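Hi,

Here is the structure I said I would pass on. Have a look at it first, and then read my notes below.

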Amino acid sequence: MGSLPAVTRSKFQRSVIAVSAAAALLSAGGALALSPAASADSSAEGRVVELVNQARAGAGCAAVKADSRLADAAQAHSADMANRSYFAHTSQDGSTFSQRITRAGYPSPGAENIAMGQQTAEQVMDAWMKSPGHKANILNCSLKTIGVGVEPSGWYWTQDFGR
């Protein structure tokens with residue numbers, strides 16, 4: 001581990017200790033229960049999904065489920081916008097959100113929200129919920145799945161939804 005920075009090494013060591021303790025508990029016949037906070041996705045993308053589902057619950061919609069294909073499409077679009085310095089639903093190669101989602105392997109594209117500049121999940125959700133079109137996508141009860149991508153260089157955000 002000599003090549004890892006001290007901070008990374010410390011996090012790595014704590015993770016190894018936690019996994020070792022959990023394995024020992026399970027092998028001894030014990031139960032392992034994760035609290036909701038411990039099992040929740042603490043990433044900005046995961047937080048956006050949580051906030052989307054809170055807003056949907058308030059509107060009487062079922063929660064959307066995270067889908068890795070949609071997340072891949074969303075992340076790729078956020079990265080593309082950041083790398084090429086543009087902000088649009090249509091990529092510079094002419095592809096639409098539906099085409100990008102289908103290309104990522106998801107068969108039923110639904111909608112897309114994009115944003116730029118917000119530095120937290122709460123800030124981007126606040127902006128989307130203040131925009132009638134973005135809010136309509138978030139609260140569209142026919143949408144069942146979601147993928148979120150964020151590119152911190154410029155803070156480009158993409159939400160892709162599926163049916």
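Let me start with the disulfide: Cys61 is joined to Cys141, with an S to S distance of 1.9 Å. Keep in mind that this is a predicted model, so everything here is computed from predicted coordinates. That bond is the one disulfide the structure holds. It ties together distant parts of the chain, 80 residues apart: Cys61 sits in the loop between α3 (44-58) and β1, and Cys141 in the loop between α7 (132-138) and β3. On handedness, the torsion about the S-S bond of Cys61 and Cys141 comes out at about -75 degrees, so the disulfide is left-handed. The two cysteines also fall into separate accessibility classes. Cys61 has 8% relative accessibility and counts as buried, while Cys141, with a relative accessible area of 34%, is partly exposed.

The loops with those cysteines lead on to the strands. β1 covers residues 65-66 and pairs with β3 in the parallel sense, over two bridges. Within that pairing, Lys65 stands opposite Thr145 of β3.

How many residues of strand β3 (residues 145-151) are buried? Seven of the seven are, so the strand is largely enclosed by the rest of the structure.

Next to consider is β4 (residues 156-162), which runs antiparallel to β3 and is joined to it by seven bridges. One of the contacts to check in your viewer is Ile146, whose bridge partner in β4 is Phe161. The hairpin of β3 and β4 has four residues between the strands, and Gly154 there takes a positive phi near 100 degrees.

Last, the aromatics. A search of the whole structure turned up one aromatic pair. It is made by Trp155 and Trp157: their ring centres are 6.2 Å apart and their planes are at 20 degrees, so the pair counts as stacked. For that label the planes have to be under 30 degrees apart. As for accessibility, Trp157 is buried at 0%, whereas Trp155 is partly exposed, with a relative accessible area of 24%.

That is what I have for now.

Cheers

Methods:
Residues numbered from 1 in each chain as written. Predicted model: local features only at pLDDT ≥ 70, side-chain atom pairs only at ≥ 80, totals over all residues. Heavy atoms only, no water. Buried < 20%, exposed > 50% of the residue type's maximum accessible area, 1.4 Å probe, protein only. Pairing = 2+ DSSP bridges. Disulfide = S-S within 2.5 Å. Phe/Tyr/Trp six-rings, centres within 6.5 Å; stacked < 30°, edge-to-face > 60°.
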